[in-house]
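Here is a short tour of one chain and of the place where its partner meets it. Please keep the sequence and the model open beside you as you read.

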Amino acid sequence: MLNYVLRRFLGILIMLLLLSFVTFVLSRTVPGGPFGKVEVPMGKKQLELFKAKYGLDKPILEQYVTWLGQAVRLDFGVPFTAPEMTVTGLIFKLLPYSALLGFLACVFSLTVGIILGMIAAAHQNSWLDNAIVTYSIVVGSIPAFVLGFVVVYVFAAKLAILPAGGWGGPKYLVLPVFAYGFPAIGGVARWTRQCMVDTISSDYVRTAYAKGLVRSQVMSKHVLRNALIPMVTSFLPMFPGMMTGSMFIEMVFGLPGLGKQFVLSSTNRDYPMVLGITVFWALLLSVTYFITDILYGVIDPRVRITQKSS
Amino acid sequence: MTRAKSQRNAPETRYASNWVAAWRRFRRSGLAMFGLVYFIIILFVAVMAPVISPYPYDRVDYGITLQLPTWQHLLGTDYLGRDMLTRLMWGARPMLLVGILTGAVGMVIGVPLGILAGYLGGAFDWFIQRLVDLFSALPWYLLVLYLVMVLSPSVWNLILALSVSSWVGSCRLVRGLTFSAREYDFVEAARALGIPTRQILARHVLPQIAPLLLWGFATSIPGSVFAEAGLSFLGIGIRPPIPSWGQMLGQAGQYWMYYWHVFLFPSLCIVISVLAFQGLADGLRQAIDVNVNV
């Protein structure tokens with residue numbers, strides 16, 4: 001187990017190194033830097049001074065090593081577009097908004113999705129099952145930003161009971177969370193149904209019925225507990241996934257989160273900020289995958305054995 | 001598993017060829033048929049857009065901006081007075097291009113790597129596996145956004161950036177399938193006869209996994225359609241004046257609360273397309289008649 005943990009840890013480190021290297025090199029080599037299109041044209045001398053200030057005149061590899069040395073101490077430098085702050089400071093200032101939005105949307109879609117999936121699986125191949133499956137396919141086809149427009153139109157513009165965007169309290173979160181979480185319900189419901197159906201058709205469930213157990217007992221003790229394993233492992237990464245994927249929703253509702261910042265920073269070619277957010281998000285994602293895998297081994301002893309032997 | 005199933009189904013499909021049986025299973029799903037019909041129609045619209053669209057897609061007319069649907073402009077006009085129907089027809093092009101080519105490029109990279117990794121095993125397999133691990137741990141949405149940004153937005157760069165992550169899925173699928181196909185008796189027999197590996201892979205292994213590849217390809221389309229719409233919506237996908245549905249939604253930003261048509265029609269196009277391709281993929285899975293867990 002320890003061997004496995006160490007190996008996974010090493011894998012994450014290599015991934016982060018590679019990711020940061022690729023993004024770093026790309027950002028420096030592609031034409032059109034942050035000083036490429038400015039309102040006030042700069043003289044050659046001035047441009048060189050600026051480049052020297054940010055270390056842009058040195059060889060790329062040297063720039064990367066310098067950046068890496070600071071990055072391991074969580075110092076990603078200063079954003080070009082907001083020189084009064086640090087990248088790390090700005091990330092931690094904006095993170096709570098994205099994290100809260102992603103977390104609530106996740107909880108919303110998981111609650112509704114799991115309930116729907118369980119109902120469908122319990123009544124497999126009935127009209128109710130068909131209705132839920134069809135519903136989840138249709139729901140999954142709506143992009144979150146389209147739904148965002150629709151709910152703003154209905155609840156903010158026409159009914160005027162909820163704010164259309166911006167930030168200022170729990171009321172401002174209702175529409176974004178709904179628009180973001182609703183399309184995700186489809187996937188959750190289908191996966192829950194699949195996991196439950198797979199378990200229901202397994203031999204030990206048939207044995208349980210043969211022993212004379214009643215349906216409710218089999219469902220709660222045999223089916224649910226075993227179906228939970230694949231569910232946990234695919235639903236847990238949803239949390240960081242939705243926390244980092246909220247850029248569309250943040251743009252529609254004008255929420256001051258990391259996703260919106262990433263889009264804006266990319267448009268302005270604010271290298272330090274873009275690099276900082278990318279590496280930070282990659283770290284968040286890989287740590288969650290890591291925890292999920294460990295947890296997988298804890299819930300399911302069979303996995304532990306294969307991990308050891310591999 | 002595949003064989004056990006087809007044997008069990010043998011009496012029912014005895015007189016039907018594989019293709020006929022597959023078509024029969026495909027036809028059973030209403031959503032799949034809808035997907036197929038939609039695909040044919042939208043392909044026709046996309047290819048024939050220059051011929052059948054009523055106006056040039058970039059003809060600006062400030063006299064008729066934001067007009068609701070009329071007989072001259074069946075779906076109304078946008079904020080520059082451009083015909084919505086025309087732009088929606090042209091918008092089918094980037095949607096199909098990105099949706100199909102992203103999966104295709106992913107397959108061109110992923111299939112050879114996956115088939116070799118699954119068949120050869122050993123050090124090569126280990127290396128490919130680590131590569132797949134590495135790429136699947138990347139925050140791909142960020143990477144795509146970033147790549148499109150630095151490469152400057154265009155259809156081709158969008159496809160390129162999306163392919164960076166799309167090959168992983170097909171590689172993993174093909175590797176798993178090849179891994180089990182390697183154990184089939186006829187593959188072993190071919191090996192025993194001394195047939196070169198290249199020939200075994202092309203003649204014996206690839207035909208075995210081809211139907212599932214088709215399914216894998218179909219399932220990748222909705223995601224790419226989503227990505228194209230989303231990125232164009234943010235203004236970093238398809239660049240104006242070439243229209244794309246996501247981009248039309250992004251441009252509708254300030255007007256849609258008062259002019260419903262600039263928002264409704266592009267949204268419907270995106271939603272229906274994703275739904276149709278999902279139905280198509282689902283129908284293919286039923287046609288192949290295999291339970292896939294990947």
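Predicted model: local features only at pLDDT ≥ 70, side-chain atom pairs only at ≥ 80, totals over all residues.

The expected span of a helix is 1.5 Å times one less than its number of residues. Helix H11 (residues 261–288) of chain B reaches 40 Å from its first C-alpha to its last, close to the 40 Å expected for its 28 residues.

| Property of chain B | Value |
|---|---|
| Span of the C-alpha trace along its principal axes | about 75 × 50 × 30 Å |
| Buried share of the 294 residues | 44% |
| Share of contacts between residues at least 6 apart in sequence that join residues at least 24 apart | 71% |

Next comes the meeting of the two chains. In this model, 31 residues of chain A are in contact with 27 residues of chain B. On the chain A side, the elements giving two or more residues are helix H1 (2–29), helix H5 (127–139), helix H6 (144–158), helix H11 (247–253), helix H12 (258–267) and helix H13 (271–299) of chain A. What is the make-up of the side of chain A that touches chain B, in nonpolar, polar and charged residues? That side has 22 nonpolar residues, nine polar and no charged.

Notes:
Residues numbered from 1 in each chain as written. Chains lettered and ligands numbered in written order. Buried ≥ 20, exposed ≤ 12 C-beta atoms within 10 Å, placed from the backbone. Contact = placed C-beta atoms within 7 Å. Helix = DSSP H or I, 4+ residues; strand = E, 2+ residues; numbered from the N terminus. Nonpolar A, V, L, I, M, F, W, Y, C, P; charged D, E, K, R; others polar.
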